[in-house]
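Morning, everyone. Please take a look at the structure on the screen, and I'll walk you through a few parts of it.

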Amino acid sequence: MSGTVRGSWDSAVSMAGPCCPGGGQTRCSGNSRAGRGKQPWHRLATRIPGHVGTLSWRRGATVHHRPSQPSSEMLSLKLPRLFSIDQVPQVFHEQGILFGYRHPQSSATACVLSLFQMTNETLNIWTHLLPFWFFVWRFVTALYITDIQNDSYSWPLFVYMGTSCVYPLVSSCAHTFSSMSKNARHICYFLDYGAVNLFSLGSAIAYSAYSLPDVMVCTTFHDYYVPLAVMNTILSTGLSCYSRFLEIQKPGLCKMLRILAFAYPYTWDSLPIFYRLFLLPGEGVQNEAILNHQKHMAMTLLASFFYSAHLPERLAPGRFDYIVRIELRSAGPAEVNFGKM
């Protein structure tokens, strides 16, 4: 019996490994050499995979494990640390924004967690993400009540509504994951620029179908309006993406090219609207869609001014780190989207 107990003790210690400061053969339960045959239970601190800090009891060849309680540190999520402008590479800098930057090599998980943390991108992300769900709801509702297969007149509207859903979703994802690396930042904003221009093309398709004045219908302008809008979308996306490579060396040229890349397609797409607003003023009395177009134009001009002038953060650096990054251009589609064309 004593030999059996001795063999069980030695095998248990060899399985447990060095569990105490004394080494591999140290007994964590104290001096039990003399009591091997008297006490059949021997308490050993063993390392069991998946159970941190568990204890096991060995009697003969039977092992009983008592699982430990989950650590509070394992259950808590730690929000990512934020940095100031002098702690991140220059490619991540924003004029007038001094704090609230995320780690320039954040993981995807850290980027998602930053949605629930006040960074200099949080409001910008949510002001795109929430409209996305609203537009999706309106899109699905319109699909449900429309016989889209037999109603070809509604097709341009659904194209426009689809691009209205894609644009805020891609933009929110771009701003969410743009802090993973320098290359990821460029790629994210390339997709963002493409989504913006895709929305511009969707607007042109809807304008061509529903908003063209009668004097422009079945004219040369009408024939080339959408094809030129497609070409403008391609050129604008390429030009805006190219401008990112000039951000550090030539920031002034970068800003000018980017504004031009968005201003030219908007001007071309809005020519039918400009004609109705300024050359047919009496039409607005009988057409409530004119009011939506006026709001859209006002929001677009306001957003363009603040975007190009970097106001108000340029006048008070550090005072608007968390609220001024909201891009007002998202308010433009929200004003006119799904309205009467």
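Let's start with one serine. The backbone oxygen of cysteine 111 lies 2.4 Å from a polar atom of the serine 114 side chain. For reference, a polar contact is a pair of N or O atoms within 3.5 Å; within protein, one must be able to donate a hydrogen and the other to accept it, and residues adjacent in sequence count only if both atoms are side-chain atoms.

Before I go on: this is a predicted model, where local features need pLDDT of at least 70, side-chain atom pairs count only at pLDDT 80 or more, and totals for chains, interfaces and linings use all residues. Residues are numbered from 1 along each chain as its sequence is written, and side-chain values use heavy atoms, with hydrogens and water left out.

Back to serine 114. It sits in the loop between α3 and α4 (122-145). Helices here are DSSP runs of H or I with at least four residues, strands are runs of E with at least two, and both are numbered from the N terminus. Is serine 114 buried or exposed? It is buried, at a relative accessible area of 1%. Buried means under 20%, exposed over 50%, and partly exposed in between, with a 1.4 Å probe and protein chains only. Leaving out residues up to four places away in sequence, serine 114 touches Arg102, Thr119 and Thr122. Contact means heavy atoms within 4.5 Å.

Now serine 106. This one is in the loop between β5 (99-101) and α3 (108-113). Serine 106 is buried, with a relative accessible area of 10%. A polar atom of its side chain lies 2.6 Å from the backbone oxygen of histidine 103.

Next, a helix pair. Helix α9 (residues 271-279) packs against helix α10 (residues 289-309) at about 110 degrees, with the axes 11 Å apart. Axes are lines fitted to C-alpha atoms, for helices over the stretch in contact, and angles run from 0 to 180 degrees between N-to-C directions. Who makes the contact? From α9, Ile273, Phe274, Arg276, Leu277 and Phe278; from α10, Ile290, His293, Gln294 and Met297.

Last, the whole chain. How many helices and strands does it have? Eleven helices and five strands. Of its 341 residues, 41% count as buried. Among contacts between residues at least 6 apart in sequence, 61% join residues at least 24 apart.
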